[in-house]
Amino acid sequence: MGPGGGGGGGGGWGRVSFHFFLVPNVFPNIILQFNPNVEIAMQFRVEFEDPSTADVVIHLLQQQQTGSLAAVEQDSGYDSEDPSNPAADIVEVGALYVHSQVLAQCRYFAALLSERWLENGQKSVDQESKKEKPIHISLCVGVERLQESYVTTIRLLYSKDFAGVITNVCTALSILPIAAELLYDDCISACVRFLEAVPWTKEEERQIVQLVPCLQLKESSELLSRLIPPKENAVEDMLNGLVYTATHSHQNGAKVKAFVSRLLSGHASRDTVRLVLEKAFGNSLRTVKDSVEEYASPNVRGRHDEIEALQRQNLHAAVVNGRHLLWIVERMIELRVADLAVMEWSQQGAFTANLKRAFGDDTCSNIAPGLPAIVLRSTCGLASAVAAGSVVASRQVRLKLVKDWLPVLVVSRESASSANQNKQLHLELEDVFLRIILTLPMADAQKLLQQCLSFATRNVEDCPHLVTAFNIWFKRASQGTTMAQGSTEPEQG
């Protein structure tokens, strides 16, 4: 039967109007265009797998190795055992009796069948009135796919029951590549819509990642948006947001911080984590410095109560952001990405000068008694990383770190309230500073050790770290003198 022909015999065909247009790079010949809003199967009252009305037989063939979509149309009988048959090396696993007007919903079949109709379009009226033999089409089923998936996809051409058939991810993934091969647009859209809307298991996501990008479907953009970030630095932005939330969260703060800490420690890219923490460190340090500077060097005039209220506000901001800073420093040390933090901490001459004034002020001790401990814990953490070798700092950085922060420790020790509250912290930081001092040249160590005399106690046994440091320095000095004398003695001839 040719295009536009009337049905006769037992064919069960209605009248169909065909329009043809060329589609480059898809099929080199002609594709049949149809109205997608027409329910084809109902209009022609044909049923799936009805041999009495079928004008097309689809043979599902299984290749022994790898398979791809193939179509072979024959004017007469089909014999897969015939050696002359180009498909003789594959095995038939099923046959489907279908209708060309239903298959036309797939652009693949529409193109294939329109080619045949064009070739036979010059038939006479008498020839057209005779019952035609069915068209045979072979579909090669890939070894990695199921025969049932092909049957289900072609059955959907009749039922259009996408919601009833595509009920889980497994079914959608089995149908989608077949619908893509057959260019069955409605089925492709239904599969993609379902996959985009439902959760995936880990294995299902792995399959989707492998499958969908290879299909290159225009309908898959929303689906791929679940897999492809909108911009290259999306991971960094996410981690920035998590760190900010962890440090500024007021409810369940400890739980949030513990969770974010675990995410940071398990993240694959240490460089990304480094950038995120360095950014957070810089922001928090800047805020703490500004708050302490506003308190230590106020540039305001007004009533005493107004100035005191402003001082309280500045100290409160310093304490809150100091806690944020301490958590960030601890994460940087834990993840061994504290190099930049140590360098910046050693370059805070103005900051340490303001801290000395604040820690020596009774007002600060009354309003923000916890501020010295917060600042000194950050200092102790970074200095400990240097002393332990976790951060390999240059001589200049080590010298500046002790030189600028040692006076802050001394002032904190001399404050009665801080000395009582932070005694153990003071001892720990004293020991760390002494260990760093002993890594410096003898001349620098000599000057800094003299500034550590405030660590001394009436009972020498209570400051063994100080005694040990001086003993090591004197021992090195004696050895150095001997070594210098030995190097200047003339060689014996």
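In this predicted model, the second largest pocket has a volume of about 300 Å³. Its lining consists of Glu 144, Arg 145, Leu 146, Ser 149, Cys 170, Leu 173, Ser 174, Pro 177, Arg 206, Gln 207, Gln 210 and Leu 211. Helix H7 (169-182) and helix H9 (202-215) are the elements that give two or more residues to this lining. Sorted by class, the lining of the second largest pocket holds 5 nonpolar, 4 polar and 3 charged residues.

Cys 187, Ile 188, Ala 190, Cys 191, Val 192, Phe 194 and Leu 195 are the buried residues of H8. These buried residues pack against H7 and H9, and also against helix H5 (147-159), helix H6 (162-165) and helix H10 (221-224).

Between H5 and H6 runs a loop that contains Lys 160. The phi of Lys 160 is near 55 degrees, a positive value in a residue other than glycine. Most residues other than glycine have a negative phi. Arg 336 lies in the loop between H14 and helix H15 (339-345).

Helix H14 covers residues 304-334 and includes Asn 314. Is Asn 314 buried or exposed? Asn 314 counts as buried because its relative accessible area is 11%, and the cut-off for a buried residue is under 20%. Leaving aside neighbours within four places in sequence, Asn 314 is in contact with Ser 291, Glu 294 and Tyr 295.

Burial is also a feature of strand E3 (residues 56-62), which is mostly covered, with 6 of its 7 residues buried. Which strands pair with E3? Strand E4 (residues 91-98) pairs with E3 in the antiparallel sense over 7 bridges, and within E4 the bridge partner of Leu 61 is Glu 92. Strand E5 (residues 135-141) pairs with E3 in the parallel sense, again over 7 bridges. In that pairing, Val 56 stands opposite Ile 135 of E5.

Definitions and conventions
Residues are numbered from 1 along each chain as its sequence is written. This is a predicted model: local features need pLDDT of at least 70, side-chain atom pairs count only at pLDDT 80 or more; totals for chains, interfaces and linings use all residues. Side-chain values use heavy atoms; hydrogens and water are left out. Buried means under 20% relative accessible area, exposed over 50%, partly exposed in between (1.4 Å probe, protein chains only). Helices (H or I, at least four residues) and strands (E, at least two) are DSSP runs, numbered from the N terminus. Two strands pair if DSSP finds at least two bridges between them. On a 1 Å grid over the protein atoms alone, a cavity is a set of points where a 1.4 Å probe fits but cannot get out, and a pocket is an open set with protein on both sides within 12 Å along at least five of seven lines; lining residues have an atom within 4 Å of a point. Grid points are joined across faces, edges and corners, and a volume is the space filled by probe spheres set on the points. Ala, Val, Leu, Ile, Met, Phe, Trp, Tyr, Cys and Pro count as nonpolar, Asp, Glu, Lys and Arg as charged, and the others, Gly among them, as polar. Contact means heavy atoms within 4.5 Å.
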